[in-house]
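Student: I would like to go through some labels and ask what each one rests on.
Tutor: Then look at the model first.

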Amino acid sequence: MAAAAAARQGLLHNVGHAVQRSCADPAVERLAQRAFRHLWLNYRDLLQAPRLDAGALHERVQIEGEAVLQRLRRQEQGAILLGGHFAGGELALQALAARGWPALIAAERLQPPALFDWMCRLRGTHGHRFAPSDALLTPVVRRLRQGGLVGLMMDRDTTGSGRTVMVCGAAARLPVGALRLSVRLGVPIVPLHAQRRRNGSVQLTIHEPLAFVSTLAAEETLTNGLTALAAQLERLITWQPDQWVLTTPLWETSAADASCSSHHTTSPYRAASPST
């Protein structure tokens, strides 16, 4: 019960910031309730993964933009798949591997260790490999140099090494590992996101690659790249905020920020589908 309450509060916090309204706004509460339902549907999908074969995943998940990965494979180019916590994400992840796109994916450590191992086995049912995000650098570099895929998150700084950037008009802390790897190794970042449709099926959208060339001072390259990624994340979470299921507060909070957001502008969260 405590975990569910904490998840609800985290969703309320994040959705409120995403649409730039107070958590007390009934519209925000409704969005958070729908997000909570999507969160538990994700857990259901995860538990069902071992019982789904490639054919069933193909029927339930539509992948848009697979040509991006096909092009990178022909070029023998490794890439960083940069995702987030979205509705349908667990099912989309399994479908991606079942379609022949396995990746080495960073996973936040859970306690006890047996729980972490079990979750990694479930998520790796169809071919992905998972490793702790705080002990991933060497295998990630090797995988990318071999032309493979690596999966990282854009909306969760699990190692505490991220940086502050503006998202939806307020300061948020985002991870910078993907950017550092992209610049260091010369590999593209491929944003992707999932969404759950009304009929229960899932669509995974693979966006065009982003390349960050280190032609400026290292610090300036990192700042510019993080700003670009923050803009991409903002487009995704404001498009359908009730399908963003991150339960850990993304934005930095203070006593003056208790109502989730000090912004009261109208958010375009019914905008057209985001594109890179």
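Student: What makes the pair Asp 45 and Arg 196 a polar contact?
Tutor: In this predicted model, the side chains of Asp 45 and Arg 196 come to 2.8 Å. A polar contact needs N or O atoms within 3.5 Å, so the 2.8 Å between these two side chains meets the cut-off.

Student: Where is Asp 45, and why is this residue called buried?
Tutor: Asp 45 is in helix H2, residues 26-48. Its relative accessibility is 1%. Buried means under 20%, so Asp 45 at 1% counts as buried.

Student: Which residues does Asp 45 touch?
Tutor: Leaving out residues up to four places away in sequence, Asp 45 touches Arg 60, Glu 90, Leu 91 and Arg 196.

Student: How do you know that Arg 44 and Asp 45 form a salt bridge?
Tutor: Their side chains meet with 3.0 Å from N to O. The rule asks for a nitrogen of Lys or Arg within 4 Å of a carboxyl oxygen of Asp or Glu, so this pair at 3.0 Å qualifies. Arg 44 and Asp 45 also belong to a network of salt bridges with Arg 60 and Arg 196.

Student: Why is Arg 44 called partly exposed?
Tutor: Its relative accessible area is 33%. Partly exposed lies between the 20% limit for buried and the 50% limit for exposed, so Arg 44 at 33% falls in that class.

Student: How many salt bridges are there by this rule?
Tutor: The count is 10. Another of them joins Glu 208 and Arg 71, at 2.8 Å from N to O. Glu 208 is in the loop between S9 and helix H9 (218-239), and Arg 71 is in helix H4 (residues 66-74), so the pair ties together parts 137 residues apart in sequence.

Student: What makes Arg 156 and Glu 108 a link between distant parts of the chain?
Tutor: First, they form a salt bridge, with the closest N and O atoms 2.9 Å apart. Second, Arg 156 is in the loop between strand S5 (149-153) and S6, whereas Glu 108 is in the loop between strand S3 (103-107) and H6, 48 residues apart.

Student: Why is Ser 201 called buried, although it lies in a loop?
Tutor: Ser 201 does lie in the loop between strand S8 (189-196) and strand S9 (202-206). The label comes from accessibility: 14% is under 20%, so Ser 201 counts as buried. Beyond its neighbours within four places in sequence, Ser 201 is in contact with Arg 60, Gln 195 and Arg 196. Its side chain also has a polar contact of 2.7 Å with that of Asn 199.

Student: How do you know that S6 and S7 pair?
Tutor: Pairing needs at least two bridges, and strand S6 (residues 163-167) and S7 have 5, in the antiparallel sense, so they pair. One of the bridges sets Val 165 against Ala 172 in S7. The two strands form a hairpin with 2 residues between them, and Cys 168 in the turn has a positive phi of about 55 degrees.

Student: Which residues of S7 are on the covered face, and which on the uncovered one?
Tutor: Ala 170, Ala 172 and Leu 174 are on the covered face, and Ala 171 and Arg 173 on the uncovered one. In a regular strand, side chains alternate between the two faces of the sheet.

Technical notes: Residues numbered from 1 in each chain as written. Predicted model: local features only at pLDDT ≥ 70, side-chain atom pairs only at ≥ 80, totals over all residues. Heavy atoms only, no water. Buried < 20%, exposed > 50% of the residue type's maximum accessible area, 1.4 Å probe, protein only. Helix = DSSP H or I, 4+ residues; strand = E, 2+ residues; numbered from the N terminus. Polar contact = N/O pair within 3.5 Å; in protein donor to acceptor, adjacent residues only side chain to side chain. Contact = heavy atoms within 4.5 Å.
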